[in-house]
Amino acid sequence: MEARTNSPKETKKVAEKLAKTLAAGSVVALFGDLGAGKTVFVQGLAKGLGINRKVISPTFVFMRSYPFLHHKKPLTFYHIDLYRGQDATDFRNLGLDEVFTEDAIVVLEWAEKIKDALPKKRVDVTIISVGEKTRKISIKVRK
Ligand code: ADP
Ligand code: MG
């Protein structure tokens with residue numbers, strides 16, 4: 001699926017729509033440069049999942065978790081930002097395996113940094129800046 005957006009609001013709408021299709025255990029991997037709109041997209045995902053808390057960038061803590069009810073089932077939404085991680089050892093020590101469970105929905109910014117460790121079954125979202133306010137968003141479901 002491809003979309004073109006002309007504002008953060010439109011990007012959030014695309015994310016909200018994707019959120020409605022996610023099942024428990026879903027992993028969403030975000031790709032795109034600094035300022036592409038990955039965090040904006042995460043905010044839309046959270047909104048689409050019915051999470052009303054404000055989602056802010058976890059840059060200094062690498063991960064934030066948001067407990068929520070998904071079709072009445074208690075799940076955790078994990079927002080992970082790997083921007084500051086340095087090397088493979090850093091990432092191995094994060095305990096990511098513990099968040100990739102059926103009781104969570106996980107979204108990662110800078111997912112390319114752990115590409116080999118990502119679950120095969122995931123949704124890849126690539127955001128490309130093509131103008132000050134225009135973004136090209138590609139969504140690919142991998143099985
Ligand atoms: P990233 O997490 O990829 O580094 P952010 O989501 O933090 O990027 O920031 C994206 C920036 O681009 C924000 O300042 C946002 O207002 C701006 N922006 C402008 N147009 C768009 C758009 N169409 N979609 C998303 N963000 C946009
Ligand atoms: Mg970000």
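Predicted model: local features only at pLDDT ≥ 70, side-chain atom pairs only at ≥ 80, totals over all residues.
Trainee: How many residues surround ligand 1?
Mentor: A residue is near a molecule if one of its heavy atoms lies within 4 Å of it. The closest include Thr11, Gly35 and Lys133. By class, the shell has four nonpolar, seven polar and six charged residues (Ala, Val, Leu, Ile, Met, Phe, Trp, Tyr, Cys and Pro count as nonpolar, Asp, Glu, Lys and Arg as charged, and the others, Gly among them, as polar). The residues that surround ligand 1 number 17.

Trainee: How far does a backbone N or O atom of Lys133 lie from a nitrogen atom of ligand 1?
Mentor: A polar contact is a pair of N or O atoms within 3.5 Å. On the oxygen side of the ligand, a backbone N or O atom of Gly35 lies 2.8 Å from an oxygen atom, and a polar backbone atom of Ala36 is 3.3 Å from an oxygen atom. For Lys133 and the ligand nitrogen, the distance is 2.9 Å.

Trainee: How much of the accessible area of ligand 1 does the protein cover?
Mentor: Areas come from the Shrake-Rupley method with a 1.4 Å probe. On its own, ligand 1 has 580 Å² of accessible area, and the protein covers 75%.

Trainee: Which element gives the most to the shell around ligand 1?
Mentor: Helices (H or I, at least four residues) and strands (E, at least two) are DSSP runs, numbered from the N terminus. With three residues, the one that gives the most is α2.

Trainee: Which protein donors does the magnesium ion have?
Mentor: Donors are N, O and S atoms within 2.8 Å of the metal (3.2 Å for Na, K and Ca), and water is not among the atoms, so sites may look incomplete. The pair here links helix α2 with strand β5 (residues 104-109), 70 residues apart. Lying 2.2 Å from the ion, the donors are Thr39 (OG1) and Glu109 (OE).

Trainee: Is Glu109 buried or exposed?
Mentor: Buried means under 20% relative accessible area, exposed over 50%, partly exposed in between (1.4 Å probe, protein chains only). Because its relative accessible area is 3%, Glu109 is buried.

Trainee: How many residues of α2 are buried?
Mentor: Among them are Lys38, Thr39 and Phe41. The buried residues pack against α1, β2 (27-31), β4 (73-81), β5, β6 (122-129) and β7 (135-142), where contact means heavy atoms within 4.5 Å. Of the 11 residues in α2, the buried ones number eight.

Trainee: With which residues is Val130 in contact, leaving aside its neighbours within four places in sequence?
Mentor: Val130 is found in the loop between β6 and β7. It is partly exposed, with a relative accessible area of 43%. Its contacts are Arg4, Arg135 and Lys136.

Trainee: What is the phi of His71?
Mentor: His71 is found in the loop between β3 (63-70) and β4, and it is exposed, with a relative accessible area of 69%. Phi is positive in this residue other than glycine, near 45°.

Methods. Residues numbered from 1 in each chain as written. Chains lettered and ligands numbered in written order. Heavy atoms only, no water. Polar contact = N/O pair within 3.5 Å; in protein donor to acceptor, adjacent residues only side chain to side chain.
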